[in-house]
Amino acid sequence: MSAHTDAVTAIVLAAGAGTRMKSARAKVLHEIAGRSMIEHALVAVAGAGVHTTVAVVGHDREQVSAAIAAHDPAVVQAVQEEQNGTGHAVRVALEALDAPPTGTVVITYGDVPLLTAQTLAELLVDHRAAGRAVTILSAEVDDPTGYGRIVRGDDGAVLAIREHRDASADELAVREINSGILVVDGPFLDHAVAGLRSDNSQSELYLTDIVGIAVAEGRPVGAHVLEDVWQTEGVNDRVQLARLGHELNRRIVRGWMAAGVTVVDPATTWIDSAVTLAPDVTLLPGTQLLGATEVGEGATIGPDTTLRNVEVGEAATIIRTHGSDSVVGARATVGPFAYLRPGTELGEDGKIGTFVEVKNSVVGAGAKVPHLSYVGDADIGEGANVGAGTIFANYDGVTKNRSSIGRHARTASNNTFVAPVTVGDGAFTGAGATIREDVPPGALAVSAGPQRNMDGWVADKRPGTPSDRAARESESATTLEETGE
């Protein structure tokens with residue numbers, strides 16, 4: 001073996017077809033907990049201290065390559081034009097490097113999303129401490145059908161990995177299985193994959209055959225048994241995707257509860273991998289926190305709330321709300337039945353209330369939009385109050401225009417602000433007003449004319465209707481009261 005160095009190379013195999021997914025999307029791009037499976041693999045190897053990562057792509061490589069580059073442009077990509085087995089994929093990966101690896105190589109897969117950086121780090125430590133050429137991540141399972149078996153000698157030393165199709169009856173009875181995840185001495189790996197042969201039932205180059213090569217050359221081989229079998233499980237269809245997604249979510253939720261977050265109903269609470277929660281956050285039933293959502297200390301989210309990429313301040317409350325790419329300030333309240341569209345910013349102590357939709361707008365500190373309103377492309381100043389039924393008419397059929405409401409302004413119910421328009425600080429508007437021109441600070445703006453009552457209109461235009469009868473009865477009652485009869 002080569003002398004130990006700190007240089008660790010990771011090879012992530014992601015060239016498979018994934019036909020059982022029955023999807024136009026590449027298998028490794030299907031998501032659980034807010035990340036594609038390939039992203040989970042790349043995050044795991046990066047967290048284990050890898051210096052160079054090579055991803056092997058093949059089927060749907062345009063999709064997969066774009067996703068890898070978007071996640072980390074530094075990842076080296078190797079194309080496996082024909083899928084001739086895992087040994088061939090590793091050979092392609094090594095050829096993509098500027099030089100053969102001199103340190104340690106971690107080999108993992110793009111479809112094992114529960115594998116953690118901690119497990120890979122422990123595997124590396126075990127491999128180095130034992131001075132092995134090859135260390136296999138293995139697990140004992142109740143039903144090993146379909147998995148390669150770990151074949152050990154009488155002394156417990158690993159002799160080979162036998163693929164299920166090629167295993168003897170005695171080997172098929174073995175419950176210790178190969179996860180497919182290996183740590184290998186770099187120079188030995190480069191030498192061993194060059195000597196692989198395809199004389200097996202699949203006529204493929206099996207990476208697992210490097211174990212037999214190492215044993216034949218007298219190099220030490222071992223297995224690191226992982227008790228957490230979930231981490232070794234791969235995804236081949238949507239049933240498995242959902243199963244592993246549910247398990248990963250269970251672990252994420254449990255982890256946040258251990259960190260001081262109250263989750264009232266873990267079974268209906270979904271939290272993505274990149275979400276950040278402070279202590280004493282409370283999540284009520286039916287809550288989904290997605291993307292890069294951050295929730296500050298003491299905030300309460302839910303019930304029945306979905307937030308994606310939303311920043312929530314301390315002690316804020318968000319009830320029955322759908323929000324994305326927005327900011328909610330400390331102690332602010334949102335909902336119920338609110339819709340926060342991208343670009344929404346709600347200041348400290350502010351309120352976005354019931355049946356309010358906000359888009360690309362700033363609602364200042366202490367400002368309130370309590371109910372039944374649409375706020376689009378607007379700036380609402382500190383302490384302002386927007387009346388019920390208000391519409392910011394921001395689109396003129398060609399362009400979007402912006403409006404602003406001044407500090408401590410008071411706008412009445414059923415107002416329409418035809419953008420672009422500015423209501424000054426401390427100004428008021430009348431009920432039902434349509435505001436088309438700027439309102440000076442401290443002014444009152446009204447747009448409706450004086451009310452006119454047309455007596456007898458119902459009797460003239462709607463004779464014989466229930467309304468007509470009710471009006472006549474009311475008139476008769478009034479006449480009787482006036483005459484005293």
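View 1. The protein splits into domain 1, residues 8-232, and domain 2, residues 238-445. Keep in mind that this is a predicted model. Domain 1 brings 16 residues to the contact, and domain 2 brings 12 residues. About 1300 Å² of area is buried between domain 1 and domain 2, and carbon and sulfur atoms account for 64% of that area. As background, an interface's size is often quoted as the accessible area lost when the parts come together.

**View 2. Helix 3 meets helix 6.** Here we zoom in on helix 3 (residues 86-96) and helix 6 (residues 186-194), whose axes come within 10 Å and cross at roughly 125 degrees. On the helix 3 side, look for Gly87, Val90, Arg91 and Leu94; on the helix 6 side, Leu189, Asp190, Val193 and Ala194 make the contact. Sorted by type, the residues in this contact of helix 3 with helix 6 come out as 5 nonpolar, 1 polar and 2 charged.

**View 3. Helix 6 meets helix 7.** Helix 6 shows up again, this time with helix 7 (residues 209-216): their axes come within 10 Å and cross at roughly 110 degrees. Helix 6 and helix 7 are therefore roughly perpendicular to each other. Helix 6 puts in Phe188, Leu189, His191, Ala192 and Val193, while helix 7 answers with Ile210, Ile213 and Ala214. The tally for the contact of helix 6 with helix 7 is 7 nonpolar, 1 polar and no charged.

View 4. Have a look at the loop between strand 22 (333-334) and strand 23 (338-340), where proline 336 sits. The peptide bond running from glycine 335 to proline 336 is cis, and its omega is near 5 degrees.

View 5. Proline 420 belongs to the loop that links strand 33 (416-418) and strand 34 (422-423). Going from alanine 419 to proline 420, the peptide bond is cis, with omega near 0 degrees.

**View 6. Lysine 22 and its positive phi.** Most residues other than glycine have a negative phi, and most peptide bonds are trans. Lysine 22 has a phi near 50 degrees, a positive value in a residue that isn't glycine. To find lysine 22, go to the loop between strand 1 (8-14) and strand 2 (31-32).

Note on methods: Residues are numbered from 1 along each chain as its sequence is written. This is a predicted model: local features need pLDDT of at least 70, side-chain atom pairs count only at pLDDT 80 or more; totals for chains, interfaces and linings use all residues. Side-chain values use heavy atoms; hydrogens and water are left out. Axes are lines fitted to C-alpha atoms, for helices over the stretch in contact, and angles run from 0 to 180 degrees between N-to-C directions. Helices (H or I, at least four residues) and strands (E, at least two) are DSSP runs, numbered from the N terminus. Contact means heavy atoms within 4.5 Å. Ala, Val, Leu, Ile, Met, Phe, Trp, Tyr, Cys and Pro count as nonpolar, Asp, Glu, Lys and Arg as charged, and the others, Gly among them, as polar. Domain bounds come from an automatic or database domain assignment. Buried area is the accessible area (1.4 Å probe) that two parts lose on being put together, summed over both. Angles under 35 degrees count as roughly parallel, over 145 as roughly antiparallel, 65 to 115 as roughly perpendicular and the rest as oblique.
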